[in-house]
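This report walks through a protein model one region at a time. Keep the sequence and the 3D view open while reading.

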Amino acid sequence: MKINIAFIGFGTVGRGLGDLLLEKREELARDYGVEYKVVAVSDIKAGSILDERGIDLEEALKLADAGTSLETMPAQKKGLSALDTIKSSGADAFVEVTWTNLTDGEPGYSHIKAALSLGRHVVTTNKGPMALHYRELLRLAQDNGAKLKFKGTVLSGTPAFNLFDGPLAGCSVRSIRGIVNGTTNLILSEMEKGRGYEEVLKEAQRAGYAEADPTMDVEGWDATAKATILANYFYGTDIKPSQVKRKGISSITLDQVIKAKNRGERIKLIARADRTEGGAEVSVSPVALPMADPLANIMGVTNALTFATDCLGDITIVGPGAGRRATGYSLLTDLLSIARG
Ligand SMILES: NC(=O)c1ccc[n+]([C@@H]2O[C@H](COP(=O)([O-])OP(=O)(O)OC[C@H]3O[C@@H](n4cnc5c(N)ncnc54)[C@H](OP(=O)(O)O)[C@@H]3O)[C@@H](O)[C@H]2O)c1
């Protein structure tokens, strides 16, 4: 199978996929029968190029990493907006990796709609459109014979959704609890060492784990988006982030963390989605977990999900929830699943 790919957004995650596509070109052809050509990259910062004959991905990665515009490369068309790239690139699949916006999902929402309306496949790690417009986008994909894959919106490349398509097919999920935000888990882990919230947050910001404006993480918005996507995927609901009961960790004190530790508990920011009759109940809040709970032992930026299932009881998966390579990998596996039908 030959697949033409276009990148909409070419920051950390887009380039992570780019690295893997280059590294695994032969392996993909040999072991999976998949050959690819990158026909366009459109990024506000890195520049925009389109060439139906294929662009030099290695050179594009080098330039983008060096902060040099992609438009210094030879290409049939340069400077096209993301939407014009979607309309004119002729790509079979679009990689939508622009920023997450939890207010209206833009610009990713418009990008995904435009690609799906043309019957083109989309793979994305963008939580905004998937949390806010989940059912609408999946319906649009179905109506146009296209596929929409979004594995990396939760736990980056660590398998969550697709576990239940393959290895655990036929197993029903009753409830999901998880640590889905690395930044807040890192902060809580460091506080247990006796350090105050503000001090640890500043250090996480210096190390690049937390944004200058940490609201999305510490007030639980990022976890809320992920919990919403999980509930809608596993329970067939159409829940919106605004319906999720949300509390972050900004009011958690060192005293609370140490007292919990002395009781043999750990405070964790837990995203929870429970199946209810005809729907789901979704929440994000700090919870003191007994040490025997597998989630209590997830430290630092690591993520984890515990699925309560009807056939196997509890299953916990643990792995990275962010990063160039791990999140780029989620897109590679989504593209493979599309290319292999
Ligand atoms: N990084 C991770 O580990 C991770 C993990 C899971 C999910 N995600 C999600 O994956 C997505 C990409 O993350 P990232 O870390 O790669 O972000 P990033 O490094 O900020 O890259 C996003 C790129 O998209 C560009 N962009 C923004 N609006 C655009 C538009 N309208 N048209 C074309 N390009 C546009 C940005 O340019 P400007 O910078 O100039 O705006 C930037 O270069 C986000 O939605 C993020 O939440 C990331």
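Predicted model: local features only at pLDDT ≥ 70, side-chain atom pairs only at ≥ 80, totals over all residues.

On one side of helix H7, Arg-135, Gln-142 and Asp-143 are exposed. H7 spans residues 134-143, and within this helix Tyr-134, Leu-137 and Ala-141 are buried. The spacing follows a general rule: an α-helix has 3.6 residues a turn, so residues three or four places apart point the same way.

What covers the buried residues of H7? The cover includes helix H5 (108-117), helix H6 (127-132), strand S7 (148-149) and helix H11 (221-235). Just after H7 comes Gly-145, with a positive phi of about 65°.

## Helix H8: enclosed

Helix H8 covers residues 182-191, and nine of its ten residues are buried, so H8 is largely enclosed by the rest of the structure. The buried residues are Gly-182, Thr-183, Thr-184, Asn-185, Leu-186, Ile-187, Leu-188, Glu-190 and Met-191.

Which elements do the buried residues of H8 pack against? Among the helices they meet H9 (197-206), H10 (215-218) and H12 (254-262). Among the strands they meet S8 (173-179), S10 (265-276) and S12 (303-309).

## Helices H1 and H3

Helix H1 (residues 12-23) packs with helix H3 (residues 57-66) at an angle of about 145°, and their axes are 10 Å apart. Is the crossing left-handed or right-handed? The crossing of H1 and H3 is left-handed.

From H1, the residues in the contact are Arg-15, Gly-18, Asp-19, Leu-21 and Leu-22. From H3, they are Leu-57, Glu-58, Ala-60, Leu-61, Ala-64 and Asp-65. Sorted by class, this contact between H1 and H3 holds six nonpolar, one polar and four charged residues.

## Around the ligand

H1 also takes part in the shell around the ligand, giving the most to it, with three residues. There are 25 residues around the ligand, and those that come nearest are Gly-9, Gly-11, Val-13, Thr-100 and Ala-322. The elements that give two or more residues to this shell are H1 and strand S2 (35-43).

How does the shell around the ligand divide by class? It has nine nonpolar, 13 polar and three charged residues.

## Backbone exceptions

Most residues other than glycine have a negative phi, and most peptide bonds are trans. Some places in this model depart from that pattern. The peptide bond from Glu-106 to Pro-107 is cis, with omega near 5°. Pro-107 lies in the loop between strand S5 (93-96) and H5.

Leu-155 is not a glycine, yet its phi is positive, at about 65°. Ser-156 also has a positive phi, near 40°, and is a residue other than glycine. Leu-155 is found in the loop between S7 and S8, and Ser-156 is found in the loop between S7 and S8 as well. Ser-156 is buried because 26 other C-beta atoms lie within 10 Å. The cut-off for a buried residue is 20 or more.

## Exposed sites and distances

Thr-72 is in the loop between H3 and strand S4 (77-78). Thr-72 counts as exposed because it has 12 C-beta neighbours inside 10 Å, and a residue is exposed at 12 or fewer. From Thr-72 to Cys-171 there are 99 residues in sequence and 51 Å in space, C-alpha to C-alpha.

Gly-278 lies in the loop between S10 and strand S11 (279-290). Gly-278 is exposed because it has 8 other C-beta atoms within 10 Å. Gly-278 and Ser-251 are 27 residues apart in sequence and 34 Å apart in space, C-alpha to C-alpha. Lys-202, in helix H9, is partly exposed, with 13 other C-beta atoms within 10 Å. Lys-202 and Arg-120 are 82 residues apart in sequence, and their C-alpha atoms are 43 Å apart in space.

Definitions and conventions:
Residues numbered from 1 in each chain as written. Axes fitted to C-alpha atoms, helices over the stretch in contact; angles between N-to-C directions. Helix = DSSP H or I, 4+ residues; strand = E, 2+ residues; numbered from the N terminus. Left-handed = near helix turned anticlockwise from the far one by under 90°. Contact = placed C-beta atoms within 7 Å. Nonpolar A, V, L, I, M, F, W, Y, C, P; charged D, E, K, R; others polar. Near = placed C-beta within 6 Å.
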